[in-house]
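Trainee: Can we go through this model together? I'd like to start with the big picture.
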Amino acid sequence: MASQVAIFARRKSLIKTFSSIKSISTFTFLSQEPQLATEPTDSDPTTTAAPTPLPPNPATGSPLYHENWRSPIPNSPLGQSLIPLGFTQQHLASRLHSTYEHLDVNALLNVFADWMTSQRWSDIKQLFEFWIRSLDTNGKPNKPDVNLYNHYLRANLMIGATAGDLLDLVARMEEYALMPNTASFNLVLKAMHQARETEAAEKLLQRMELTGNESRPDDESYSLVIGMMFSTYRIDAALKYVDKSLKSGYMLSMRVFNDCVTSCVNKGRLDTLVSIIEKCKTMDQNKALCPPWNMCNVIAEAAVQADNNKLAYYALEFMAKWIVRGENARPPVILSVDEGLIISTLGTAGKTYSSTLLDASWEILRRSLREKKAPQPESYIAKIYTYASLGNLQKAFSTLREFEISHGSSDKAAEEEWFSPFTSLYPLVMACSKKGFETLDLVYFQLENLSRAESPYKSVAALNCIVLGCASIWDLDRAYQTFEAIGSSFGLTPDVHSYNALMYAFGRLKKTFEAARVFEHMVSLGIKPNSTSYALLVDAHIINRDVKTALSVIDEMVSVGFVPSKETLKKIRRRCVREMDYESDDRLDSVAKKFKIRMGSEIRRDTLFNLDYGTDFAG
């Protein structure tokens, strides 16, 4: 009570003192009552000019400038004490904050690089979020650059952030005066790739293509989108972006290239695959692309089935690269191409007249065999066929010579079939007779010159091709003269194919008696006729309309162990029907039933045969 009285007395004395102070102003009392502002008029010069604006705020690069950035984290333990609390009592995040608070951008990038190697993605995310809300050594908010922000995006991606979350974070880059670059959008594309958001990824890629150079799509961008397109079987869209990537000069990843090859092969887009491979071969960064070994075989098989010589060549080229890699490896890996596949590619080369594919196929076969054994007879026959299709008779007969050297002393029955001008060497026969006697005479004179060379080449098989070629152009004189030259000029012995070719020449001109004489002469010399011999003799009798003799030849053929072909039996049936020899037709049916040959009907052929081609109905 006494203290209150003392405080009141002191206050009373202070009031007396202030009351004795004189006022500085000599003016009378001014009224402090508020007054309404008057409306401005046009004549008032003070209201016509707009106020001068302030300069722009120099503090940019952080959203904290819109807040109380002098104390960005009021609840932070750093604001309570200049010395951090005990490290053993703080949470992991607090220890990181107290240690890395004042790092600059480059130092923080180095820290993130170390943490990325140990997969510390959560720590990267926490430290970045703390660092951007902290002050630097100058007392201003930290400002990240685009590379540092991309580390933050990657950390969010690795801890499972969705594509939508990453897009929101990319949009927030504007708050820090940053422009997203290609790497920023690629991280979003990776999240879309994981979630299979194909349409969103395609729209984002199109947005990147329309933006500036800083965020234009690169090879990784295209690879991510193309991979999603192939995985969802959007082949056309994927190939469109593959073409864009190649036109932009980017490198295709091995995974994208393999997906492209697989999809094109499965969908039959072989020409598109050829164009992609050709574009890759013209680029230094893509010329080394090569699909796996098994895929090379798949490409080759698809190319052979479609008779695509370019794709078959590229498949063999890929295989050659694998063979060389295997030979250079330590220890070496021996890779070989299946010879059956090479035979198919040779056939494709012959059908499409591709000498390039022919040379590549034979070279791959030679590398696969490694000169340890000769190619199979089918390989030589396919090569002869290809050279014959190309019209290169010189190399065709050279291949025939190699064929005879490699397999001329093989099994007699197999050799008889391999060197038959009616089957295996028939393409060579057709090539020799393509321009008539001109080509046949040229080939004959070349063979005659080779027989007189230092290392003479004499071949009955080659001469048989000429005899049959002469018979094919109805030139009996040249056929007979060439047949005689086999023994007289070349000093060789005619074989069964030689006699068959001569029988064919006589039979085509309805010289049935002479054809039968050739057959009897061959038998008298001890040469065993083959099935072709009997078939040619049957044809000669059919041409002469002698069905009964043709059937007797069939009986003889069966008695020596040969089975008549369906084609031969159908020829006899047609002649039986046209000659109205129903008895012979019944005998023919019994032969067909014996060998379980289904003859079928000849309704359509008979209809055409019975048409009235007269002019009675002509208008």
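Predicted model: local features only at pLDDT ≥ 70, side-chain atom pairs only at ≥ 80, totals over all residues.

Trainee: Now a helix pair. How do you describe two packed helices?
Mentor: You give the angle between their axes and the distance between the axes.

Trainee: OK, at what angle do H24 and H25 cross?
Mentor: Roughly 160°. H24 covers residues 476–488, H25 covers residues 496–508, and their axes come within 10 Å. The angle is over 145 degrees, so H24 is roughly antiparallel to H25.

Trainee: Is the crossing left-handed or right-handed?
Mentor: H24 passes H25 in a left-handed crossing.

Trainee: Which residues make the contact?
Mentor: From H24, they are Leu 476, Ala 479, Tyr 480, Phe 483 and Ile 486. H25 brings Ser 498, Tyr 499, Leu 502, Ala 505 and Phe 506. By class, that contact has nine nonpolar residues, one polar and no charged ones.

Trainee: Switching topic. What does UniProt list as "repeat: PPR"?
Mentor: The unreviewed UniProt entry lists residues 495–529 and 530–564.

Trainee: How much helix is there over residues 495–529?
Mentor: That stretch is 74% helix and 0% strand, with its end C-alpha atoms 10 Å apart.

Trainee: And what about residues 530–564?
Mentor: Residues 530–564 are 74% helix and 0% strand, and the end C-alpha atoms lie 11 Å apart.

Conventions:
Residues numbered from 1 in each chain as written. Heavy atoms only, no water. Axes fitted to C-alpha atoms, helices over the stretch in contact; angles between N-to-C directions. Helix = DSSP H or I, 4+ residues; strand = E, 2+ residues; numbered from the N terminus. Parallel < 35°, antiparallel > 145°, perpendicular 65-115°, else oblique. Left-handed = near helix turned anticlockwise from the far one by under 90°. Contact = heavy atoms within 4.5 Å. Nonpolar A, V, L, I, M, F, W, Y, C, P; charged D, E, K, R; others polar. UniProt positions renumbered as here; feature names shortened; annotations may be inferred.
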